[in-house]
Structures are given as structure tokens and as C-alpha cells.
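Here are some exercises to work through with the model open beside you. Try each task first, then compare your steps with the solution.

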Amino acid sequence: MPRSQSKPAAPTPRETYRHGDLRRALLEAGIALAREGGPPAVKLREATRRAGVAPNAAYRHFASQQALLMAVRASALSAVAAAIELELAALPADGLSPADRARASVRAVGMGYMRFAKAHTGLFLTAFALSDKLIQDTAAWPSAGPGGRSPYELLCDVVDLLVQAGVMPAAKRPGAEILAWSAVHGLAMLVVDGPLAAPVGPHFEMFGQRLLDMVEKGL
């Protein structure tokens, strides 16, 4: 008679992470969840399941689900900044006057922002999740890109260039970044998570460039 084969036992979640960096594993799991479903998808229990550890093990690194969401949000903001930096780096190194470079830099920041929103919607929504509990603490949750600047700081930098190049009067500088950000963010949200997805989505680049024409002239 053939010997009976016992069914293998289900794996037991580990209390510790064998590679010694459970925090990183949980954060990467949280980022993956954000990519898939935005802020509501970032659940601490699901992150621990994906990391292969018992739920209690996560609390040594993230005291709550909100703490994990804050860390994921900071990482998403950093990714937005990196995308903007790539657009800025693509500008010609030579051949532009200070005024043209300032204008091109403003457009590069805007397009980097909108392209990221379209390509990585879940992370974009997480980066700008609205919650009074998601207070950005740059010391605990760094949100800068590789160049050390956050998306907001990068925007402020290029608006400053407009003043330095004589494109914008210094008197109009206070708050100008808020107006530019509001316009660009508004279009991005209406397309990726609003009623303009169908009519504008396929023509996002064209409408984005037209919006930036308006922003540039308005500033």
C-alpha cells in the first residue's frame, strides 16, 4: 500500500524579518499598495502580510496605520520631486537666455508634475492625500527628491527664476507659486480622479501645455 502523504503545514508568519530591514520591507509593501489603490489601499495589516511577518512585528517600526501612510506619502512626494527633476535636467544646458530658461523651467516643473499624476495615479493621490493627521514632518518623513528639494520647493525655485530674469515683477512674487500650483494640480486631479478623465485624458499633454501657457502668461 502506498504510504499516506501528509498535507504540508501552512507557513507561520515570522515575528522578525530575516533580512534585518523590516521597516524597509513594510514601506515597500505600503508603496506597492499605494500604487495599486491610492491612500485607502495602504493598510498596515496587508503590508505585514506581504512582508511575511506577524502583524505585531510591524508596530516596532510603524506605531499605527497612519504612521505607515505618512511614510508612504513622504516617499510618494519624493518620487514626484524626482520626476520634476528629470524634466528640469532635460532642458538644454546652453543656448537659452535667462528669461527663456526661467520660462522653460516653470513649464518643466508643471509637466513633470502632471506627467507623474497620469503615469502613477495611485502614488500621486497618496502624495497629496488630504488629512489633518498627515502633517508633513520633513525630519521624520523626508519628502525631497535626489536633489534635496521637495516638489513645492522646486516650484518656488523656478518662480524665483522668473523674478531674477526680469520676467515677473518682484511685487507679484508673493504667493505666485500657490496660484501656479493650484492651476496645475486642479487639472491633474480632474483628469486622473475626476470628470475630465474621458474627454481630456487622451489629450492630456496638449491640455497640459495649454494650461502652462496660461500659467506662464498669468504669472
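**Exercise 1. Find which residues are linked in a network of salt bridges.**

Solution. Start with the rule: a salt bridge needs a side-chain nitrogen of Lys or Arg within 4 Å of a carboxyl oxygen of Asp or Glu.

Before you go on, two notes on the model. It is predicted, so local features need pLDDT of at least 70 and side-chain atom pairs count only at pLDDT 80 or more, while totals for chains, interfaces and linings use all residues. Residues are numbered from 1 along each chain as its sequence is written, and side-chain values use heavy atoms, with hydrogens and water left out.

**Exercise 2. Describe the helices and strands of the protein, and how much of it is buried.**

Solution. Helices (H or I, at least four residues) and strands (E, at least two) are DSSP runs, numbered from the N terminus. The protein has 10 helices and 0 strands, so the order of elements reads α-α-α-α-α-α-α-α-α-α by that definition. Next comes burial, where buried means under 20% relative accessible area, exposed over 50%, and partly exposed in between (1.4 Å probe, protein chains only). Buried residues make up 41% of the 219 residues. Finally, take contacts, meaning heavy atoms within 4.5 Å. Among contacts with a separation of 6 or more, 71% join residues 24 or more positions apart.

**Exercise 3. Work out which residue forms a salt bridge with Arg115, and where the two lie.**

Solution. The partner is Glu87, with the closest N and O atoms 2.8 Å apart. Arg115 lies in helix H5 and Glu87 in helix H4 (residues 65-89), so the pair ties together parts that are 28 residues apart in sequence. As for accessibility, Arg115 is partly exposed, with a relative accessible area of 31%.

**Exercise 4. Find which side chains meet Arg173 in salt bridges.**

Solution. Take Asp160 to begin with: its side chain meets that of Arg173 at 2.7 Å, N to O. This pair links distant parts of the chain, with Arg173 in the loop between H7 and H8 and Asp160 in helix H7, 13 residues apart. Then take Glu177, whose salt bridge with Arg173 spans 2.6 Å, N to O. Now check burial. Arg173 is buried at 15% relative accessible area, and Glu177 is buried at 8%, whereas Asp160 is partly exposed at 29%.

**Exercise 5. Classify the aromatic pairs of Tyr113 with Phe124 and with Phe128.**

Solution. Rings of Phe, Tyr and Trp (its six-membered ring) pair if their centres lie within 6.5 Å; planes under 30 degrees apart count as stacked, over 60 as edge-to-face and the rest as tilted. By this rule the count comes to 5 aromatic pairs. Tyr113 and Phe124 sit 5.3 Å apart, centre to centre, with 85° between the planes, which is edge-to-face. Since Tyr113 lies in helix H5 (residues 98-119) and Phe124 in helix H6 (residues 121-127), the pair ties together parts that are 11 residues apart in sequence. Tyr113 is buried at 5% relative accessible area, and Phe124 is buried at 0%.

For Tyr113 and Phe128, the ring centres are 5.4 Å apart and the planes at 45°, so the pair is tilted. Here Phe128 belongs to the loop between H6 and helix H7 (151-164), 15 residues from Tyr113. Both Tyr113 and Phe128 are buried. To finish, Tyr113, Phe124, Phe128, Tyr152 and Trp181 form one aromatic cluster.

**Exercise 6. Identify where Glu85 lies and what it is in contact with.**

Solution. Glu85 lies in helix H4 and is buried, with a relative accessible area of 17%. Leaving aside neighbours within four places in sequence, Glu85 is in contact with Gly145, Pro146, Gly147, Gly148, Arg149 and Leu154.
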